Every structure is written in structure tokens, then in C-alpha cells.
Amino acid sequence: MTRVACVEAVVAVLESEGVDTVFGLPGDAVLPLYTALRHSSIRHITVRRQAGGAHAADGWARTTGNVGVCVGASGTNMITGLHAALADSVPIICVTGQAATTKLRQEPLQAADIVEIAGPVTKWAIQLKESAQAPWVFREAFRIARSGRPGPVLVDLPADVQRGTCLYDRALDAPLPVAVPRPLPQVVRAAIDLVCTARRPLILAGGGVVTAEAGDELLQLAEHLQIPVQVTLMGKGAFPEDHPLFAGLAGTQAHTRWGNAAFLRSDLVLAVGARFGDRHTGELDVYREGRRFVHVDIEPTQFGRVFEPDLGVFGHARPVLAEMVAEARSRTAALQPGKWVRRVGELRRTMARRDDFDDVPIKPPRVFREINDFYPRDTTFVTGTGLHQIWSGQFQTTYLPRRYLACGQAGPPGWEVPAAMGVKCARPERQVVAVAGCPFLMDEVAAAARHRIPFVIVMINNAGPGPIRQAELPYDMNDAVDLHDCEGGVDHVRAMESFGCPARRVERPGDIRDALAWASAEAARKRLPVLVEVMVEREAKAATGPALDAIKEFEPLPELVTVDWSD
């Protein structure tokens with residue numbers, strides 16, 4: 001064993017854990033770590049805000065499946081990013097600098113009890129007390145971030161501890177093992193019993209399917225038993241949306257009309273890696289009525305958190321689905337599409353929302369029609385929180401895992417731009433598109449421009465004169481919010497140009513495709529972020545509300561005849 005600087009051991013651990021990019025903002029309290037980073041293979045992206053660094057690490061982690069890393073002199077501004085990662089089960093490690101341990105009681109500059117502050121929004125938060133612990137604490141941080149339901153970890157490094165030494169040998173060190181829990185055989189049999197006795201079963205694929213890289217097993221199970229598959233917003237990409245068994249999205253916001261219709265006609269839901277968020281379920285009495293639920297999850301405390309399932313199946317999604325496939329194959333040969341599958345296909349053909357509007361101002365569905373038509377299947381889309389995310393969830397099509405990244409439960413505004421920066425750093429060969437609203441984190445555009453990180457921002461701007469509405473409320477209340485500061489407050493095209501980044505504003509639907517082609521070419525040629533600002537109608541509303549209302553919003557739904565699952 002060789003005695004080395006504590007921070008050199010930390011950087012060696014990062015390298016061996018597969019980290020090739022770190023996002024951060026240097027400061028006095030973390031300069032020893034930055035000195036070690038300078039002599040490593042790790043690329044450092046200097047962000048403009050610590051929150052932006054956390055969001056960029058989040059995007060990097062979502063697209064790679066590895067643990068993202070962000071660094072800051074003080075972690076208080078990273079709390080929003082940690083919350084977003086915890087809510088969406090994203091493994092990141094936040095490394096914070098801290099004042100020397102001998103000075104903490106004296107309230108030095110930027111010192112804060114970040115471990116206590118970060119505790120509620122992390123899986124583990126720890127302050128390194130001894131330099132000798134450094135490699136072990138970071139190995140454990142990576143293990144915890146990856147284990148079970150993934151999530152964020154914070155490691156706080158006092159300056160004097162960073163300047164210490166420890167015994168370390170790269171050749172004798174390696175990542176700690178991560179458990180992959182397998183289901184009990186009898187529970188798998190019970191789950192398949194329920195599925196095979198249902199008349200109109202659905203599989204609901206959540207973000208856990210994507211995280212577990214279980215898309216192939218999901219496809220095998222669905223095709224063998226001919227079960228329609230829905231995805232949640234976080235699960236988009238777990239199942240190809242052009243597959244004959246794709247059954248849309250159910251929910252109160254990011255949904256398809258035919259997806260809600262199919263869900264409400266189902267009698268059993270096999271939910272895999274889904275947490276039953278309130279924007280998906282809506283009113284639980286409507287969501288649960290008339291159907292049984294089998295809930296598969298790697299975190300056992302999720303069972304019964306929102307409602308009690310008929311059967312909980314604990315385990316990692318990939319081995320659970322693999323063993324369900326084996327059990328199904330042992331019982332029956334591959335089935336052919338039956339009446340239930342054909343009925344779901346009929347709903348898809350007859351209940352799709354229009355997206356071919358030629359109106360001026362532009363209607364939001366037309367924007368997503370052009371996005372779907374222009375970009376190839378391998379494009380990675382990143383979308384934050386707001387109406388633009390709801391429209392995106394309703395109208396964008398996704399075919400591959402880790403190609404649609406949405407900030408879900410926490411919903412920090414502006415997440416999409418730094419997250420897109422992280423995605424592009426992780427996958428420079430891919431086209432990356434951030435679907436943004438007004439406003440977005442313009443300061444991180446400057447960071448992307450400085451580091452020559454090219455991606456396209458499609459901004460859905462409904463900030464014209466008049467009020468903004470999300471949806472009609474079922475009672476007498478004015479829900480309009482008049483955002484006077486958005487109306488003419490920022491010229492986003494000029495703001496982008498001030499960073500040296502190309503930008504174009506689109507006001508007619510026939511010009512959208514040309515603008516997208518121009519932006520993609522400019523981003524590739526100049527290696528810069530490029531903006532396409534699409535001006536949509538101010539009064540545009542997303543189709544949101546209780547699940548039953550979402551189905552009936554255009555015309556009455558034809559009555560469905562109760563049918564058998566197969567012929």
C-alpha cells in the first residue's frame with residue numbers, strides 16, 4: 001500500500017467507478033479535490049450554478065445508467081438537484097467542500113451543516129471525518145447510490161480532511177458489489193396465476209424497467225402472452241410506442257385518450273417499477289375500481305404506499321420479468337392476438353388526438369407532430385416541468401430506453417437545459433433535444449457554449465398577451481395566472497445570440513420543420529446549443545383532469561362490450 005493524498009484516492013475511486021465527467025463550480029473549500037481532478041482522466045464541466053451542476057449530473061446518470069457526480073464548494077444550492085434525483089430514482093453523488101473541522105463552530109464563510117440539510121433528499125449524507133476513510137466512504141457512496149431504488153448521496157469534505165493522506169493502492173481496490181434481488185419462485189407463480197386468469201390484463205411499465213435495463217424481458221413477456229403494455233411518463237422508452245401491443249399512457253396529465261380508455265377497461269394491471277404517482281393515478285377510487293393489481297418493485301416499502309396491491313413482488317425488475325417469462329413459457333405456447341388486443345388497437349386508431357392543426361398562432365400538438373416526424377428514433381429528448389412537459393408526454397413518441405428523460409415528481413423549473421448538457425457529455429454521438437418552456441435556465445446555456453456542448457432547445461413559448469391556463473377546474477374559480485413578466489419580458493433569441501449561440505423564432509406551423517433542420521445543422525457545425533423558439537397560442541390548454549373526464553373531453557366514448565382476453 002502506498003500513502004497518497006486523500007483527494008488522489010477519491011479521484012482514483014471516481015475513475016474506477018466509470019465516471020468520465022464531473023459537473024461543478026470550484027470554490028475555496030473544495031480546491032484540494034480540484035487539484036487532484038486536474039491530473040486525472042476525468043473531464044470537468046464548469047457550470048454557472050450549483051443547481052445546474054446537480055441537474056447535469058442527473059442527466060448524465062439517466063442516459064448512462066451509471067452514477068453521476070457533481071461538485072461544489074457549498075452544497076446548499078444543490079438541494080433542488082438532490083431532491084429531483086431522489087424523487088426520480090436517479091443515482092448521483094454530490095461532493096461538497098466544507099470549512100476545516102476546527103473552524104466549523106466559528107461560523108466560517110459558506111459553512112453549513114449540509115449533512116443535516118441534505119438528509120431528507122438523499123439516500124445517505126455523510127461528512128468525511130478522517131482522511132483514511134476517503135476511499136471506503138466513496139466506495140460505499142457508489143454502492144448505496146446504485147442499490148435498491150437508486151438515488152443521490154452527498155459526501156461532505158472538510159478542507160483539512162482533503163489535505164490529509166491515506167494508504168491506497170489502485171490495484172487492490174474495486175467497486176463494491178451491488179445486490180440484485182431475485183423474486184421468490186412461489187410469488188412469480190402467483191403473479192402469473194393472476195395474469196393468466198384475467199380477461200383484460202395490462203402491463204404498466206414504470207421508470208424502474210428503464211433503470212433495470214429490463215426492456216427485452218418486458219417485450220418477451222408481453223409478446224408471449226399477448227398483453228397490451230402501457231408506460232408511465234418516467235417509463236417512456238421501456239416499450240416501443242410503435243409496437244402493436246403498445247397501449248398508450250394513462251393519467252391525469254401526461255396521457256393519451258385511448259390509453260385512459262384502455263386502462264379503465266382492464267381488469268388486471270401488472271405494474272413493474274412504477275410508484276403510482278398522483279399525476280398517473282388521479283382519483284384512486286376511479287383508478288382501482290374493477291381491477292386487480294400486481295406490483296413489482298425493488299423497494300419493498302413501496303408496496304401499499306399509495307394503495308394496497310393484490311400481490312406485491314419484491315425483486316429487481318430484470319430477473320423478475322425474466323422469471324415471469326420462463327413461468328409463462330412453461331405453461332403455454334406463445335399466444336396469438338385476441339379480442340382484447342384488437343380492441344386496444346381499435347381504441348388507438350379511433351381516439352388519437354389531432355396534431356395536424358394549421359392554425360396561427362400555432363397549436364402545441366402541431367409542434368410535437370413536427371418533432372416526431374423530423375427527429376430519428378435514436379434522438380434523446382429531455383423535458384422539464386410545466387405545460388410543455390404535459391404536451392410532450394401526450395404527443396411525443398418514444399421507441400428506445402434512456403431516450404426520453406423527464407423530470408418527474410420534484411419538477412424544478414429549468415431542469416431540462418443542464419440535464420441536456422449532461423446527456424450530451426455522456427453520449428456525444430447522439431442528437432439531444434431539450435423541450436423547454438418559458439423561462440428556462442439560460443445561465444447554463446452559457447456554460448454549454450463555453451464547453452462547446454451542442455444540443456437543440458425547442459422552446460414552447462405561450463407567453464403572449466393574456467392569461468395562462470392549465471385546465472378547467474370542476475368548480476367556479478378563476479384559475480388564470482397572468483404572467484406580465486413573460487409578456488415581452490425576454491427576447492430569447494437575442495439572449496441566446498449574446499452567448500454566441502444561434503437562435504430562431506417560429507410563428508407559423510409550416511416553418512417548424514425547416515427551423516428544426518436548421519438548428520440541428522447549426523448545433524453540429526458550430527458545436528453550440530441552438531434555440532428554436534416556437535410561439536404557440538397563449539390560451540392553449542393541456543388536456544388534463546380526472547381520468548374519466550380526460551376520456552370524454554372530445555366526444556362520448558363508445559360503450560365497450562365485455563370480452564374475453566383471447567379467442
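A: Helix α18 (residues 416-426) and helix α19 (residues 442-450) have axes that come within 8 Å and cross at roughly 20°. Helices here are DSSP runs of H or I with at least four residues, numbered from the N terminus, while strands are E runs of at least two. Axes are lines fitted to C-alpha atoms, for helices over the stretch in contact, and angles run from 0 to 180 degrees between N-to-C directions. Angles under 35 degrees count as roughly parallel, over 145 as roughly antiparallel, 65 to 115 as roughly perpendicular and the rest as oblique; α18 and α19 are therefore roughly parallel to each other.

This is a predicted model, in which local features need pLDDT of at least 70, side-chain atom pairs count only at pLDDT 80 or more, and totals for chains, interfaces and linings use all residues. Residues are numbered from 1 along each chain as its sequence is written, and side-chain values use heavy atoms, with hydrogens and water left out.

The crossing of α18 past α19 is left-handed, meaning that the near helix is turned anticlockwise from the far one by less than a right angle (clockwise would be right-handed). On the α18 side, Val-417, Pro-418 and Met-421 take part, and they meet Glu-444, Val-445, Ala-447 and Ala-448 of α19; contact means heavy atoms within 4.5 Å. The residues of this contact comprise 6 nonpolar, no polar and 1 charged. Ala, Val, Leu, Ile, Met, Phe, Trp, Tyr, Cys and Pro count as nonpolar, Asp, Glu, Lys and Arg as charged, and the others, Gly among them, as polar.
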